[in-house]
Amino acid sequence: MLTLDKIYHAAFVLKNVARRTDLIYASKLSQDANVYLKTENLQVTGSFKLRGAYYKISQLSDEEKAKGIIACSAGNHAQGVAMAATENGIKSIICMPDGAPISKVEATKQLGAEVVLVKGAYDDASVRAEEIQKETGATFIHPFDDDEVIAGQGTIGLEILDQLDTVDAVIVPIGGGGLISGVAFAIKNLRPDVKVYGVQAAGSPSMYKSIGEGRSITLDEVSTFADGIAVKHPGDITYEMVQKYVDKIVTVSEDEIATAVLALIEKQKLIAEGAGAVSVAAVMFNKLPVKGKNVVCLVSGGNIDVNILNRVITRGLVTSGRSSNLMIALEDKPGQLQEVSEIVARCGGNVVAVHHDRSDANMAISSCFLKLALETRDMAQIEEIKNELTKEGFKLVSERV
């Protein structure tokens with residue numbers, strides 16, 4: 001059973017292992033709420049997972065340690081387990097989905113673990129890990145459905161209450177539910193007046209749907225670039241704890257997550273992975289009743305693959321109105337491009353790419369499509385440019401992302 005004493009004991013064990021991450025005031029992320037960021041993306045292994053993994057391994061018997069350790073992870077738990085096992089001289093095997101970011105796979109290997117890639121999502125890696133556990137007798141370290149792992153994550157709740165005594169709400173990413181279970185348990189037992197909200201990716205809403213239906217469900221599939229929370233089935237322990245201690249769960253779209261990642265980079269100079277940014281996305285897109293409140297967004301991790309980051313930034317620019325593609329039907333005659341460019345410049349936009357398309361079989365021989373890539377300030381500016389082009393007689397054929 002999870003107790004406050006166990007969470008306090010975990011805090012003692014982790015004192016010289018896990019970083020007490022900063023709580024940063026982030027005034028630029030919301031005009032409606034006073035937002036603070038709990039920066040677990042700056043944790044030793046780049047995510048909060050070190051806390052639960054290390055505490056769990058520290059509590060194993062000598063006999064359990066001697067058998068070695070097996071775990072499954074989308075990447076962050078893997079690094080926490082690998083680091084804890086290696087520092088304690090324990091052999092570790094980690095099963096990871098074959099779609100896990102290369103950076104997470106390589107980081108896990110560098111921390112001393114043997115990595116087994118498994119086709120599919122996290123849950124498929126979990127099945128393979130259980131098979132290896134039966135074959136080898138190794139000790140299984142569950143990433144979320146374990147009281148001692150949850151206790152380790154709960155130390156974040158203690159830190160938040162210590163760092164901001166005026167906190168009104170804490171917003172936490174949810175995958176399997178271990179993080180929010182620990183944080184919510186600690187906060188609700190010490191400050192029951194503080195709201196605890198959970199956030200899932202809309203493409204992986206296992207806990208959201210489970211709570212909605214009043215039973216633990218398993219999704220047929222998950223689809224999100226927030227790989228750290230791509231879980232088909234929530235934990236049994238965590239499902240019960242979320243039911244009891246969490247006030248509300250919401251979901252955010254891929255575009256909303258990408259916009260939050262971009263906002264954290266630009267406005268806070270912080271790198272967050274998709275899973276780590278969902279809490280910020282929930283505030284930015286007004287998914288929760290936090291207007292005028294002191295809100296802590298838990299940025300749970302920053303281990304994002306640079307190739308994915310490039311695509312996420314592009315998507316975030318489009319979603320926030322910072323980038324746009326327009327296509328205009330023109331008469332193919334001199335001066336047309338100049339007129340269009342002057343209108344865009346007059347509205348304050350910037351043309352970054354131009355392409356004339358004369359090959360479409362459906363257009364008149366004397367016509368062409370002018371495709372423009374624009375840098376813009378926001379959605380309002382894009383609409384201004386489109387309205388001005390239309391007013392000057394240009395025909396907008398389509399807008400493509």
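Me: How many residues has the largest nonpolar core?
Reply: This is a predicted model. Leu 29, Val 35, Leu 37, Ile 171, Val 280 and Cys 297 have the most contacts inside the largest nonpolar core. The number of residues in this core is 37.

Me: Which element supplies the largest share of this core?
Reply: Several elements each give at least two residues, including strand S2 (34-39), strand S10 (294-299), helix H11 (254-268) and helix H12 (274-284). The largest share is seven residues, and these come from H12.

Me: Which residues does Leu 37 contact, leaving aside its neighbours within four places in sequence?
Reply: Leu 37 is among the residues with the most contacts inside the core. With neighbours within four places in sequence left aside, Leu 37 touches Asp 22, Leu 23, Ile 24, Ala 26, Leu 29, Leu 264, Gln 268, Leu 270, Val 280, Cys 297 and Val 299.

Me: Which strands stand at the edges of the open sheet?
Reply: Four strands make up the open sheet, with parallel pairing, in the order S5-S4-S3-S6. Two of them have a single partner strand each, so one side of each is left without a neighbour in the sheet. These are S5 (114-118) and S6 (139-141).

Me: What is the bridge partner of Ile 70 in S6?
Reply: Strand S3 covers residues 69-72 and runs parallel to S6, joined to it by three bridges. In S6, the partner of Ile 70 is Phe 140.

Key
Residues numbered from 1 in each chain as written. Predicted model: local features only at pLDDT ≥ 70, side-chain atom pairs only at ≥ 80, totals over all residues. Heavy atoms only, no water. Pairing = 2+ DSSP bridges. Core = buried A, V, L, I, M, F, W, Y, C linked by side-chain atoms within 4.5 Å. Buried < 20%, exposed > 50% of the residue type's maximum accessible area, 1.4 Å probe, protein only. Contact = heavy atoms within 4.5 Å.
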